[in-house]
Amino acid sequence: MNESARKAIDMAIGYFMVERGITRGRMAELMGMSRNTLRWKREGKYDWTWSEILRLSELTGKTPNELAGITQAA
């Protein structure tokens, strides 16, 4: 995963957590992973799997492209 996509996903997660008042621990639970794994994925130490991207998409209401910061030209 490229750095800009990783940063966009991290920002989407951060906004989602703030909007909903979700703690890091609760977000990890919602994702089905440990807090450390969530942190490492957000930091780019581990890549996101396709199933995790789909879960984030489901939680946030954003498409995978939107999560990755990819916009469609009009």
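R42 and D10 form a salt bridge (a side-chain nitrogen of Lys or Arg within 4 Å of a carboxyl oxygen of Asp or Glu), their closest N and O atoms lying 2.4 Å apart. The pair links distant parts of the chain, 32 residues apart, with R42 in helix α3 (residues 35–43) and D10 in helix α1. Helices are DSSP runs of H or I with at least four residues, numbered from the N terminus. R42 is buried at 17% relative accessible area, while D10, at 24%, counts as partly exposed. Buried means under 20% relative accessible area, exposed over 50% and partly exposed in between, with a 1.4 Å probe and protein chains only.

This is a predicted model, in which local features need pLDDT of at least 70 and side-chain atom pairs pLDDT 80 or more, while totals for chains, interfaces and linings use all residues. Residues are numbered from 1 along each chain as its sequence is written, and side-chain values use heavy atoms, without hydrogens and water.

The whole structure has seven salt bridges, including these:

| Pair | Closest N and O atoms |
|---|---|
| R42 and D10 | 2.4 Å |
| K41 and E52 | 2.7 Å |
| E58 and R55 | 2.3 Å |

K41 in helix α3 and E52 in helix α4 are 11 residues apart in sequence, so their bridge ties those parts together. Both K41 and E52 are buried. R39, E43 and K45 are linked in a salt-bridge network.

Terms used. Helices (H or I, at least four residues) and strands (E, at least two) are DSSP runs, numbered from the N terminus.
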